[in-house]
Amino acid sequence: MIILIWMVIMRHVFRLNLWFVFLATFLFTPYLYAEPIKEPSRPKIALVLAGGGAKGAAHIGVLKALEELNIPIDIITGTSMGAYVGGLYATGKSASEIEAYLHTVDWYSGYQDEVGREEKNIRDKKYEDRFAINPSLGIRKEGVKSPKSAIQGQNMLKILRETSGNPVFVASFDDFPIRYRSVATDIVSMEEVVIDHGLLVDAMMASMSVPGALPPYEFEDRLLIDGGVTNNMPVELAKEMGADIVIAVDISSNYMTKEQIGSLFDVASQLTNFMVKRSTQEQAEFLTDKDILLQPRVGDIETTDFSSMPRAYQEGYDTVMTLKSRLKSLAVTPNEYAQYRNKIKQQSANVRLAQGTIIDKVEVENRSHYESDKLERFIQFEQGTSLNSDYIEDKIHALYATNRFETITYLVEEDNNENVLKVTAREKEWGPNYLNFRFFLEEDFDTHSQYGLGASINFTDLNDYGAELRTNVELGTDKIFDATIHYPFYLNHHFFVQSNMMYSDKKRSISTSSLEDKEPNSSMSFYPVNLRDFTVDALFGVEATKDQQLKTGILYAKGSHELTGLSAYGRTEYERLGATLEYNFDSLDSISLPTHGSLINARYLYAFDKVNSRDVEGSDHSEQYIDEFTAEALFARSIARHTFIGSAEYGITNSDDYLVPVNPIELGGFNHLSGLPRNSLIGANKIYGRLTYRYRWFENDLGMFKTAIYLGASAEYGGLWSMKSTDISSAPLIFSGSLFGGIDTPIGPIILSYGRAENGLDSVYLIVGNVE
């Protein structure tokens with residue numbers, strides 16, 4: 001019975017299964033035998049972008065044209081500027097987005113690492129105004145050392161981070177929306193290096209590090225330079241990556257003619273061009289008949305002529321369009337291209353950028369002698385907040401503006417499921433002690449010339465808090481030997497102690513007439529005076545901001561004034577012990593040719609003087625308490641090419657009458673009562689004002705520095721006096737003015753001027769360097 005029941009059940013199950021099989025066959029048979037859906041079959045297209053500096057803007061024009069022709073790109077390889085443009089496109093940016101950088105990015109700044117004067121702290125401003133020639137030389141026990149390149153790439157790295165969005169580390173550049181490789185050269189082995197992973201900024205910068213202009217770039221324990229040295233147009237690499245068709249863009253420079261080769265720099269440029277062109281030609285040999293070589297007409301554009309980038313862009317675009325008929329075979333339908341671009345856009349959302357990442361931890365990789373926690377406090381980034389790229393760039397720039405670091409970079413990396421903001425601070429490799437120089441000349445073609453040659457060593461590694469010792473020597477009209485030790489309590493918001501020691505021997509030509517009796521005039525005669533002084537002080541101060549400081553302390557001075565070679569006819573010896581309070585504010589962009597900013601200096605001194613004087617009539621001894629107050633202010637504002645400057649100086653001394661004051665105030669020379677010889681007036685009290693108009697005639701950008709030609713005029717009024725019985729209303733004050741033309745250079749301004757004052761006084765001045 002059980003067996004019978006089991007047989008009945010199985011018969012029904014079998015019938016039910018047959019129905020299921022029939023139903024499934026009826027419903028799904030059309031799909032089982034249909035053709036599978038495939039993406040349209042087309043060849044893999046690689047775009048190979050050669051190096052060439054500013055000429056690389058042609059690559060953007062090429063991309064724009066290829067987009068308009070609906071030609072998809074599957075692989076990108078690039079060298080130097082080609083690696084940069086290719087990297088941006090590979091991460092999903094469109095040609096139009098990249099084109100915008102031609103107009104919004106200051107490409108010249110990428111080859112100018114020098115921090116503007118207004119960005120430096122006030123102590124460095126004053127020091128570099130005096131020792132303005134900075135050849136980037138360091139001093140060590142081994143001797144003098146120089147950097148590996150003219151600039152260090154700080155601003156170039158900033159440009160790469162800002163324009164690329166600073167993508168985080170990726171294990172393979174195959175994960176980008178478009179597969180990507182950059183090519184660099186190992187400076188040690190002189191081998192080609194293909195970068196296929198890591199940080200996009202690293203891949204770009206390594207490939208763009210032009211020898212001599214930018215230093216070798218450190219990447220995974222290798223020192224890399226521009227890939228153009230070994231492979232300027234990586235066609236072979238693109239084929240190895242699986243490209244069926246290669247579109248290669250050659251932007252080589254033209255060779256110079258015999259007439260164009262006129263200097264050693266031209267010779268070096270010609271040889272470099274030869275190496276790059278040979279590398280490009282070798283890679284062109286890997287191209288087949290089905291590949292396409294584009295050669296935009298940009299060979300006459302200089303590598304650093306970034307003003308010609310819009311032209312290079314257009315040349316790249318036009319070159320593609322002239323080959324439109326041949327390229328047409330590579331195009332897909334508008335619908336297919338739209339799908340391709342949409343896919344790129346979707347995948348670009350997976351490219352993780354540093355901007356907006358929640359930071360769990362901040363680390364400082366400190367490659368300097370400074371204390372790490374001080375650098376971390378300088379960065380001041382609150383953990384647990386999202387990264388604002390503008391904020392961190394500003395913080396890094398402020399630290400870089402201390403002028404003690406070669407580069408300061410940052411990246412975001414993941415470590416144990418935490419987002420880590422890692423800042424790397426590299427101290428200058430040629431430091432930590434630095435050489436600066438000084439040269440100035442003021443010639444009036446009448447009285448004695450004023451000139452100076454000087455050298456300074458800045459020792460920066462006294463401790464890890466930033467203490468420094470500056471020792472300076474200056475020879476010329478003035479002989480000055482001085483040393484300053486500066487000891488901050490913190491690296492950023494400084495409280496500091498400071499001590500200065502200075503010996504000076506100055507020669508002056510001063511009027512033989514009493515300036516209390518009559519105004520300066522053309523019949524004035526001068527006699528030579530030697531002013532010798534030794535001063536030492538101990539100060540305590542605070543730098544409230546980078547632009548201002550307040551100092552107070554004590555000083556001791558000892559010195560003498562005498563007629564040069566005739567001490568028996570007039571000599572004064574003195575000793576001074578006093579206390580001083582000084583305030584300084586300085587936001588000027590230049591001390592000699594400012595276009596904007598302000599300067600305010602005020603100093604009060606209370607001292608006890610001992611003075612011994614003698615001449616042919618006998619000797620005299622006096623002791624007295626004195627107080628001095630000096631102040632100066634200068635304001636500069638510009639509207640387009642026009643600059644307006646107003647300045648005023650005031651000094652008053654409450655003391656007994658001295659023929660030559662212990663701490664004399666000087667006046668005379670260009671922009672200091674023009675028309676008179678430099679420093680020809682000496683007294684205890686001063687009032688002086690000046691209005692200056694300056695026109696920036698034209699400006700040349702020479703890549704490493706900019707130089708401008710100026711024309712201007714000044715109107716001035718002021719004078720000096722020493723006697724207590726003289727007040728401002730009766731002081732010998734005169735009007736003067738000047739006309740001048742000048743050029744700004746890395747060693748300071750070069751100015752030619754004519755100055756004329758009341759009473760027939762006039763002078764022609766030639767000024768070279770900062771005379772302050």
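Two residues are in contact when they have heavy atoms within 4.5 Å of each other. Keep that in mind as we walk through this chain.

The model is predicted, so local features need pLDDT of at least 70 and side-chain atom pairs count only at pLDDT 80 or more, while totals for chains, interfaces and linings use all residues. Residues are numbered from 1 along each chain as its sequence is written, and side-chain values use heavy atoms, leaving out hydrogens and water.

**Glu443**

Let us start with Glu443, which belongs to strand β14 (residues 433-443); strands are DSSP runs of E with at least two residues, helices are runs of H or I with at least four, and both are numbered from the N terminus. Leaving aside residues up to four places away in sequence, Glu443 touches Ser449, Val764, Tyr765 and Leu766. Is Glu443 buried or exposed? Glu443 is buried, with a relative accessible area of 17%; buried means under 20%, exposed over 50% and partly exposed in between, using a 1.4 Å probe and protein chains only.

| Pair | Distance |
|---|---|
| C-alpha atoms of Glu443 and Ile767, 324 residues apart along the chain | 6.6 Å |
| Polar side-chain atom of Glu443 and backbone nitrogen of Phe445 | 2.7 Å |

A polar contact is a pair of N or O atoms within 3.5 Å; within protein, one must be able to donate a hydrogen and the other to accept it, and residues adjacent in sequence count only if both atoms are side-chain atoms.

**Helix α14**

Next comes helix α14, with 12 residues (389-400). At 1.5 Å a residue, α14 should span 16 Å, and its end C-alpha atoms are 16 Å apart, which agrees; the expected span is 1.5 Å times one less than the number of residues. The buried residues of α14 are Ser389, Ile392, Glu393, Lys395, Ile396, Leu399 and Tyr400. They cover an arc of only 160° around the axis, which puts them on the same side of α14; the arc is that of the directions from the helix axis to the C-beta atoms. These buried residues pack against α6 (154-164), α13 (372-379), β12 (405-415) and β13 (418-427). The exposed Asp390 and Asp394 sit on the face turned away from that buried side. At the N-terminal end, Asn388 caps α14, with a side-chain oxygen 3.0 Å from the backbone nitrogen of Asp390.

**The whole chain**

Stepping back, the chain has 14 helices and 31 strands. Of its 772 residues, 51% count as buried.
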